Amino acid sequence: MAPSLTLKAGTSWSDAWQRCLAVAPESFAEDHVRNLWASSWQPGGRTLPATSPVDGGFIVGPPRLDAATAQQAVHASLDQHRAWRHAPLAERRARVTATLDALAEHRDLLALLLVWEIGKPWKLARADVDRAIDGVRWYADGVEPMLAGRTPLPGPVSNIASWNYPMSVLVHAMLVQALAGNAVIAKTPTDGGVACLTLAAALAAREGLPITLLSGGGRDLSEALVGAPEIGCVSFVGGRDTGARIATAVADLGKRHILEQEGLNTWGIWNFSDWPALTSVIPKLFDYGKQRCTAYPRFVVQRSLFADFLAAYLPAVRSVRLGHPLAVEHPDDQLPELDFGPLINAAKAKELGDQVAEAIDRGAVPLHRGDLARGRFLPGQDTSAYVPPVTLLRPPASSPLHHSEPFGPVDTIVLVDTEAELLAAMNASNGALVASLSTDDPATYERLAPQIRAFKTGQGKPRSRGDKDELFGGFGNSWRGAFVGGELLVKAVTQGPRGERAPGNFPDYHLMP
């Protein structure tokens with residue numbers, strides 16, 4: 001019989017919220033957060049009810065502004081930008097560094113908010129905070145040569161990002177943009193992360209950084225955050241449908257842009273025999289329930305190796321750990337090390353479950369279906385946002401699981417007989433952010449890897465966004481606009497010599513670094 005679990009003392013949502021009230025009373029109220037614009041925390045906005053994916057309990061949602069208020073906030077950000085762009089680099093670096101010190105001081109509170117708001121397991125939540133802090137410190141220490149001969153943009157950078165990495169993607173980008181001399185606007189994700197971002201923005205604003213943090217619906221705020229003439233650059237992380245609409249808008253306006261969109265990242269298996277190596281990496285691929293733009297939901301396997309692949313894959317997927325991120329058996333236990341907790345919400349869990357059922361009904365073969373009964377949960381807790389791992393063979397072409405990223409713990413497998421079929425299957429989504437190819441022959445890898453339409457391809461190892469000096473971008477429909485990472489992130493949000501062509505994926509050219 002499984003041991004009875006309890007919530008770790010001091011980790012409840014109420015505990016986290018009371019700590020936020022004590023740390024940043026200017027931005028947190030008893031039952032809502034405020035929007036940050038014109039250098040102050042502003043009342044107003046319609047706060048929507050929200051629930052935690054962890055247990056379905058009440059948490060505070062974003063205070064949604066209307067379009068007119070958003071326009072005022074953008075204009076106020078331009079005023080900030082005009083002053084900040086002339087601040088000496090030494091001052092900008094000092095203020096950013098002070099912000100990093102404040103974030104480090106409140107690291108565990110930021111991580112706890114991530115657990116409750118977006119369901120990250122504790123270890124991954126802390127890593128998200130740490131990556132933001134460490135990554136920006138790298139820029140603060142070495143940004144001078146990156147800025148040589150460059151100037152800030154004519155207007156602030158507008159950031160619209162998905163909910164899955166509020167710190168290591170969104171806050172990281174915001175602080176580097178400010179370090180480079182720009183005022184920064186960010187929209188809080190609708191699905192989660194508003195409290196974590198509010199606390200981070202409060203710490204940054206105290207140090208004098210020109211930060212604007214707004215909440216609202218995409219349709220209500222898009223005209224201000226994308227189309228306003230004050231905006232110097234639009235930085236977006238999210239799905240292809242929204243990204244395509246933003247890409248059309250910025251192209252029509254001639255506006256600088258960085259648009260990271262998902263692709264179907266694939267892992268190919270061809271003339272391969274090191275199965276223990278594959279077994280060891282499979283559980284890691286389920287980090288955060290594959291709710292990552294660099295997750296690997298598709299394996300493309302040489303048919304003659306399928307039996308060996310399954311012998312390596314199935315024991316590994318059965319070892320994946322999921323459950324309530326804050327549940328412990330004894331009060332003094334450390335928080336559990338899980339591969340993932342809930343999906344972002346119960347609606348997403350239902351949608352994914354429906355897609356799996358439909359794919360099976362249309363001919364996909366279920367090779368593995370996990371059981372929530374094996375997860376770590378509190379007695380009687382709501383588990384409607386949790387989905388155990390699922391593996392399907394041959395998803396039908398009519399299924400979204402065939403051609404799109406599921407953004408959940410569902411793997412699909414496609415069998416191939418020739419190298420041509422391998423490459424076609426690995427390029428099914430017309431561009432991806434990452435891919436990997438496992439093959440025993442280095443020459444085969446060197447020959448096939450350039451034909452895989454992914455920005456990064458791993459040789460028997462997973463690739464990721466990367467940190468610090470590692471560059472990042474995408475091919476095809478997975479990316480539009482300037483590439484980022486390392487010095488390219490600074491170049492993307494500054495102006496260089498007249499006629500400079502930034503590395504990136506643009507309508508009229510594709511330029512690799």
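Predicted model: local features only at pLDDT ≥ 70, side-chain atom pairs only at ≥ 80, totals over all residues.

Q: What lines the largest cavity?
A: Its lining is made up of 27 residues, and those nearest the centre are V169, H172, R465, V484 and L489. By class, the lining divides into 13 nonpolar, eight polar and six charged residues.

Q: Which element supplies the largest share of that lining?
A: That is α6, with five residues, while the elements that each give at least two residues are α5 (122-147), β7 (157-161), α6 (166-179), β10 (233-238) and β11 (256-261).

Q: And which residues line the second largest cavity?
A: The lining consists of T99, L103, V171, M174, L175, A200, A201, A204 and I211, with two or more residues coming from each of α3 (89-105), α6 and α7 (194-206). Eight of these lining residues are nonpolar and one is polar, with no charged residue in the set.

Q: Switching to charges, where does R92 lie, and what is the nearest side chain of opposite charge?
A: R92 lies in helix α3; it is buried and has no salt bridge, the nearest side chain of opposite charge being E91, 8.1 Å away.

Q: Which backbone oxygen lies 2.8 Å from a polar atom of the R92 side chain?
A: The backbone oxygen of A87 lies at that distance from a polar atom of the R92 side chain.

Q: How many salt bridges are there by the count?
A: The count comes to 20. One of them joins K123 and E337, whose closest N and O atoms are 3.9 Å apart. K123 is in helix α5 and E337 is in the loop between β14 (327-328) and α12 (346-361), so this pair ties together parts that are 214 residues apart in sequence.

Q: Is K123 buried or exposed?
A: K123 counts as exposed, at 54% relative accessibility.

Q: What about D467 and R131, how far apart are they, N to O?
A: Their side chains meet in a salt bridge at 3.1 Å, N to O. Because D467 sits in the loop between β19 (454-459) and β20 (479-482) and R131 in helix α5, the pair ties together parts 336 residues apart in sequence. D467 is partly exposed, with a relative accessible area of 34%, and R131 is also partly exposed, at 27%.

Q: Which residues are linked in a network of salt bridges?
A: K456, R463 and E470 are linked in such a network.

How values were computed: Residues numbered from 1 in each chain as written. Heavy atoms only, no water. 1 Å grid on protein atoms, 1.4 Å probe; cavity = no way out; pocket = protein on both sides within 12 Å on 5 of 7 lines; lining within 4 Å. Helix = DSSP H or I, 4+ residues; strand = E, 2+ residues; numbered from the N terminus. Nonpolar A, V, L, I, M, F, W, Y, C, P; charged D, E, K, R; others polar. Buried < 20%, exposed > 50% of the residue type's maximum accessible area, 1.4 Å probe, protein only. Lys, Arg positive; Asp, Glu negative; His and termini not counted. Salt bridge = Lys/Arg side-chain N within 4 Å of Asp/Glu carboxyl O. Polar contact = N/O pair within 3.5 Å; in protein donor to acceptor, adjacent residues only side chain to side chain.
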